[in-house]
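Hello,

Here is the structure I promised to pass on to you. Please have a look at it first, and then read my notes below.

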Amino acid sequence: MRLRIRNIRKNFKTKNGSVCALDNINLDIQPGEFVCLVGPSGCGKSTLLNIMAGLEKQDSGRIKVDGKIGLMFQEPALFPWLKVKDNVGFGLKIKKLEKQKQEKFIDAHLKMVHLQNFAESYPHELSGGMKQRVALARTLILNPDILLMDEPFAALDAQTREILYKELQNIWQLTKKTVVFVTHNVREAVCLGDRVVVFSARPGRIKKIFDVDLSRPRDLGNLELIKMSNKIMDVLKSEIKEL
Ligand SMILES: Nc1ncnc2c1ncn2[C@@H]1O[C@H](COP(=O)(O)OP(=O)(O)O)[C@@H](O)[C@H]1O
Ligand SMILES: [Mg+2]
């Protein structure tokens, strides 16, 4: 087991009292699995991811994480004064890896995200999709076992997102990482996930878990994928009505 989550609860104290963000969450994630978390805005998806990452502490319950974690968020947060290759290699520099090895790793990871021709560019010269690819390469270069992604493609246009779905599927099949991917986009979740975990509206509970048994690589326009997405969307819509 890569991640074992047992009876996790989390409340936040606010000016208007206490908000229950997560209520009794249980989830097991196997090595190499791609799990998507979907749910209405404010249902606690990011809170759960942050607890997995150790950035936030649960009030009660247990979480066991087996492996090294890599993080990716909606904002790529690149260093604007560093070239693409130096952004990608930043973590290696900190680890004081030998220069030649650094360059080899950086090359390989730039190739993986199809940015080998942009090694010398600066972040402001890149599109949004390219910046997220740099962020992905920067995370992967540290060889995490578990990749935690919080709406990494939410700010991108539809065409760019589709290209990145393909690339992420390829990279995941190649690297066999365990991925936990938060999104409010159901089709995105069905396109990427082995399982789609649907959260209920506040307080965040797991409402239903769907297994996605479609062959890969998956295409957003695939009829089976659309059917499955509609099924999940029906479950989700009933949640949003209850808000
Ligand atoms: N640091 C915080 N302080 C107070 N309330 C918070 C904090 N972080 C999240 N919340 C609240 O917890 C709930 C879940 O938030 P979040 O996990 O960000 O939801 P999601 O990612 O599903 O949109 C929301 O009601 C949000 O307002
Ligand atoms: Mg969120």
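**The sheet and what surrounds it**

In this predicted model, six strands make an open sheet: the 6 strands follow the order E5-E6-E7-E3-E8-E9, and their pairing is mixed. Strand E5 (69–72) and strand E9 (206–211) are the edge strands, each pairing on one side only. From one strand to the next, the twist averages 15°.

A word on conventions: residues are numbered from 1 along each chain as its sequence is written, chains are lettered from A and ligands numbered from 1 in the order in which they are written, and side-chain values use heavy atoms, with hydrogens and water left out. Because this is a predicted model, local features need pLDDT of at least 70 and side-chain atom pairs count only at pLDDT 80 or more, while totals for chains, interfaces and linings use all residues.

Helices (H or I, at least four residues) and strands (E, at least two) are DSSP runs, numbered from the N terminus. Two strands pair if DSSP finds at least two bridges between them.

Now for the individual pairings. Strand E6 (residues 146–150) runs parallel to strand E7 (residues 178–183), with 5 bridges between them; Met 149 has Phe 181 in E7 as its bridge partner. E3 and E8 are also parallel and are joined by 4 bridges, with Arg 195 in E8 as the bridge partner of Val 35. E8 and E9 are antiparallel over 5 bridges, and Val 198 stands opposite Lys 208 in E9. These two strands, E8 and E9, form a hairpin with 6 residues between them.

E8 is mostly covered, as 5 of its 5 residues are buried (under 20% relative accessible area; exposed is over 50% and partly exposed in between, with a 1.4 Å probe and protein chains only). In a regular strand the side chains alternate between the two faces of the sheet. Here both faces of E8 are covered: Arg 195, Val 197 and Phe 199 are buried on one side, and Val 196 and Val 198 on the other.

Helix H1 (residues 45–53) lies across strand E3 (34–38), E5, E6, E7 and strand E8 (195–199), and runs at about 150° to E6. Contact here means heavy atoms within 4.5 Å; axes are lines fitted to C-alpha atoms, for helices over the stretch in contact, and angles run from 0 to 180 degrees between N-to-C directions. Of the 9 residues in H1, 7 are buried, including Leu 48, Leu 49 and Ile 51. Just after H1, Gly 54 has a positive phi of about 80°.

**Aromatic rings**

The whole structure holds 6 aromatic pairs. Rings of Phe, Tyr and Trp (its six-membered ring) pair if their centres lie within 6.5 Å; planes under 30 degrees apart count as stacked, over 60 as edge-to-face and the rest as tilted. Phe 79 and Trp 81 are tilted because their planes stand at 40°, with the ring centres 5.2 Å apart. Phe 79 is partly exposed at 25% relative accessible area, whereas Trp 81 is exposed at 61%.

Phe 79 also forms a tilted pair with Phe 90, at 4.6 Å centre to centre and 50° between the planes. This pair links distant parts of the chain, 11 residues apart: Phe 79 is in the loop between E5 and helix H2 (84–88), and Phe 90 is in helix H3 (residues 90–94). Phe 90 is partly exposed, at 31%.

Elsewhere, Phe 34, Phe 153, Tyr 165, Trp 172 and Phe 181 form one aromatic cluster.

Best wishes
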